[in-house]
Amino acid sequence: MGKIMAVNISEKKGTQKRNVHSARVIEDFGIENDAHAGKWHRQVSLLSYEKIEEFKAKGAPVEEGAFGENLIVSGYDLRNLPVGTRFQCNDVVLELTQIGKKCHSGCEIFKIMGDCIMPREGVFTKVIHGGTISEGDEITVIGE
């Protein structure tokens with residue numbers, strides 16, 4: 001069982017996301033008002049809280065949303081779950097579609113640290129069923 005630690009959005013692509021604490025998730029689209037939402041396979045991104053904390057322990061000056069992640073999730077090693085895994089949080093159902101991604105050139109975190117965890121730790125999902133997600137909500141794996 002996991003927990004939502006932060007809900008982040010950005011209005012423009014290429015900018016850090018900010019924690020909005022609660023958001024509406026739209027079926028087959030993504031998080032309302034997020035620049036990365038749309039009709040594609042990377043509608044909502046997730047990153048492990050524990051992996052962020054490990055990275056911070058190395059001296060990384062990062063805050064919620066710094067990696068471009070929509071949801072910070074505690075309790076799961078996300079990159080080790082197979083594509084097709086489904087998560088449920090309240091009425092929201094997300095399906096894992098991609099593990100990791102190529103980091104865009106000019107990543108601020110990589111420039112500072114010489115490393116970035118999003119390319120290997122971040123996962124991407126599409127929205128199977130919409131609803132609302134808030135900080136503190138429980139998130140569970142419901143199937144693979």
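Modeller: In this predicted model, the protein carries 18 positive and 21 negative side chains, where Lys and Arg count as positive and Asp and Glu as negative, His and the chain ends being left out. The centres of these two sets lie 7 Å apart, each charge being placed at NZ of Lys, CZ of Arg, CG of Asp or CD of Glu. Numbering starts from 1 along each chain as its sequence is written, and side-chain values use heavy atoms without hydrogens or water. Local features require pLDDT of at least 70 and side-chain atom pairs count only at pLDDT 80 or more, whereas totals for chains, interfaces and linings use all residues.

The protein exposes about 7,000 Å², of which carbon and sulfur atoms supply 48% (Shrake-Rupley areas with a 1.4 Å probe; for residues, only the protein chains shown count as cover). Buried residues account for 45% of its 144 residues (buried is under 20% relative accessible area, exposed over 50%, partly exposed in between, with a 1.4 Å probe and protein chains only).

The fold consists of three helices and 11 strands (DSSP runs numbered from the N terminus: H or I of at least four residues, E of at least two). Read from the N terminus, the order is β-β-β-β-β-α-β-β-β-α-α-β-β-β. The radius of gyration is 14 Å, close to the 15 Å that the globule rule gives for 144 residues, so the protein is as compact as a globular protein of that length (C-alpha atoms; the rule is 2.2 Å times the number of residues to the power 0.38). The C-alpha trace spans about 40 × 30 × 25 Å along its principal axes. Of the contacts between residues at least 6 apart in sequence, 71% join residues at least 24 apart (contact: heavy atoms within 4.5 Å).

As to your question, Leu46 and Leu71 have the most contacts inside the largest nonpolar core, a set of 22 residues (buried Ala, Val, Leu, Ile, Met, Phe, Trp, Tyr and Cys joined through side-chain atoms within 4.5 Å). At least two residues of this core come from each of strand 1 (2–9), strand 3 (22–26), strand 5 (44–48), strand 6 (71–74), strand 7 (86–89), strand 8 (92–99) and strand 9 (123–129). Beyond its neighbours within four places in sequence, Leu71 contacts Ile4, Ala6, Val7, Ile31, Val44, Ser45, Leu46, Leu47, Leu94 and Ile133. A second, separate core comprises 15 residues, among them Ala6, Ile52, Phe67 and Cys107.

Ile139, in strand 11 (residues 138–143), is also buried, at 1% relative accessible area. Setting aside residues up to four places away in sequence, Ile139 touches Met1, Gly2, Lys3, Ile4, Val73, Tyr76, Phe87, Gln88 and Cys89. The C-alpha atom of Ile139 is 21 Å from that of Glu54, which is 85 residues away along the chain.

Thr85, between strand 6 and strand 7, is buried with a relative accessible area of 0%; its C-alpha atom is separated by 8.3 Å from that of Thr97, 12 residues apart along the chain. His21, in the loop between strand 2 (18–19) and strand 3, is partly exposed at 43%, and its phi is near 70°.
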